[in-house]
Amino acid sequence: MTVHIVGCGLAGLAAAVQAVGRGRSVRLYEAAGQAGGRCRSFFDPVLGRTIDNGNHLLLSGNRSARRFVETIGSAGELVGPDRARFDFLRLADGRRWSLDLGRGMLPLWLLGARHRVPRTIARDYFALVQLMLARPHQTVADIVPDDHPLYDALIVPMTIAILNAAPTEGAAVLLGAVLRETFLRGGGACRPLVARRSLDAALVEPALDWLGGRAVRPQFNRRLRGLEFARGRLAALAFAEGTVAIGPDDAVVLAVPPAAAGEIVPDLVVPTETRAILNAHFRVDGMAAPPPGPVGVIGSLAEWIFVRGDVVSTTTSAADAGMDEDAGALAGRLWQDAARVLGRAGPVPPWRIIKERRATYAQTPSQQPLRPQPWTAWPNLFLAGDWIAGPLPATIEGAIRSGDRAAELACGVEGSDPAAR
Ligand SMILES: Cc1cc2nc3c(=O)[nH]c(=O)nc-3n(C[C@H](O)[C@H](O)[C@H](O)COP(=O)(O)OP(=O)(O)OC[C@H]3O[C@@H](n4cnc5c(N)ncnc54)[C@H](O)[C@@H]3O)c2cc1C
């Protein structure tokens, strides 16, 4: 039995690793010339450095992602401070503070004012528990309104980082699911983790090496155009270069973004709206003492600042409004914010702006019902990706968990029979 996997983003790679681990033969197809999808790295000649398409933040409680890197042997490529500490700066008044959830299971940090957001009391954090109890129709701001003491300083930066949406539109259930897997498990599950060298070195290349060591090598530049069905089953994959027959015992995992899946799979309902993410990278000489982790910036275009070696990067989420703005103008504005955080002066250093127009589907309550289940009307066709139905938002963790699940279904692991669900 062969599992054919279309799409070499993290969902497709996780599905491949999972299926190979279950002893299946795997064939991988990818439309682009490289793997990684929305989580990829490349060498930038202007900066003279390998950079990521966007800063990606994981949390130590992302159990599927951590199991994935352990399996492929790259756990050491995800690094971060040894405690769940997040530094913030509010540009309007220059105030800096740290939210420090410590290392332990018990939320003892709530008892110390210097571990909390300024001018908040322990009781304010009950809002996070309320988010864990959210209902499907609620936005984050329905539960934590904008006059709440935590709103500007925590709810906004957390929501945009996790949901790529403002609290006024982001689906509270998705944020609640992440809080259950991290905040509820204590500081040990909330440590920020980033790729030490690059996303590619942490998540993509080791997966390809692991698969290659088991004789699985993706076929790049292979764009799936359509599917052929016979006798109620998927019978062939139609690529521009020709068709690939699907054997009677074979299964297919389609791990492509929603728009592509919607075009390929007949009558598939998919999320229709997307949200953008804007990233800037600057090559900065003489970076003496970088902050220990990402820094949240309140009240600015740059929402999070990351430093890796001599590359300073900014992230702006739900950035659809900035997609048509001139890249040079954006670089100037974003560098101003980054320079304030890092206490630097001087002209804009060499920069690179990356606009990801369809970074994620729009994670709003109205788009949630459009996320399809991983199984389809055909018993040998399954779906994977960060947009497939599940408790988690469109993140690395969501993509990997979805890939794992689709592979289990494709391998006929217990619970995959639609009749039994
Ligand atoms: C700028 C940015 C910042 C982000 N920040 C974070 C973060 O901080 N933390 C976090 O957890 N997540 C973050 N994310 C989200 C995360 O990157 C995604 O959730 C994850 O990478 C999605 O993986 P996927 O495999 O589901 O989809 P994709 O990565 O989109 O993979 C789909 C693959 O299918 C291929 N494909 C498409 N059509 C076809 C076809 N017809 N035939 C064959 N192949 C096809 C594509 O080329 C692609 O390789 C960010 C995303 C972006 C863009």
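Mentor: Two residues are in contact if their C-beta atoms, placed from the backbone, lie within 7 Å. Residues are numbered from 1 along each chain as its sequence is written. This is a predicted model, in which local features need pLDDT of at least 70, side-chain atom pairs count only at pLDDT 80 or more, and totals for chains, interfaces and linings use all residues.

Trainee: Which residues does Ala 15 touch, not counting residues up to four places away in sequence?

Mentor: Ala 15 is among the residues with the most contacts inside the largest nonpolar core, which has 129 residues. Such a core is a set of buried Ala, Val, Leu, Ile, Met, Phe, Trp, Tyr and Cys residues joined through C-beta atoms within 7 Å; buried means that 20 or more other C-beta atoms lie within 10 Å of a residue's own, placed from the backbone. Beyond four places in sequence, Ala 15 touches Ile 5, Val 253, Ala 255, Ala 384, Gly 403, Ala 406 and Ala 407.

Trainee: Why is H5 described as largely enclosed by the rest of the structure?

Mentor: Helices are DSSP runs of H or I, at least four residues, and strands are runs of E, at least two, numbered from the N terminus. What covers the buried residues of H5 includes helix H6 (172–181) and strand S17 (311–317). H5 is largely enclosed because, of its 13 residues, the number buried is 10.

Trainee: Which residue just after H5 takes a positive phi?

Mentor: Helix H5 covers residues 151–163. Just after this helix, a positive phi of about 50 degrees is taken by Asn 164.

Definitions and conventions. A residue is buried if 20 or more other C-beta atoms lie within 10 Å of its own, exposed if 12 or fewer, and partly exposed in between; C-beta atoms are placed from the backbone. The expected span of a helix is 1.5 Å times one less than its number of residues.
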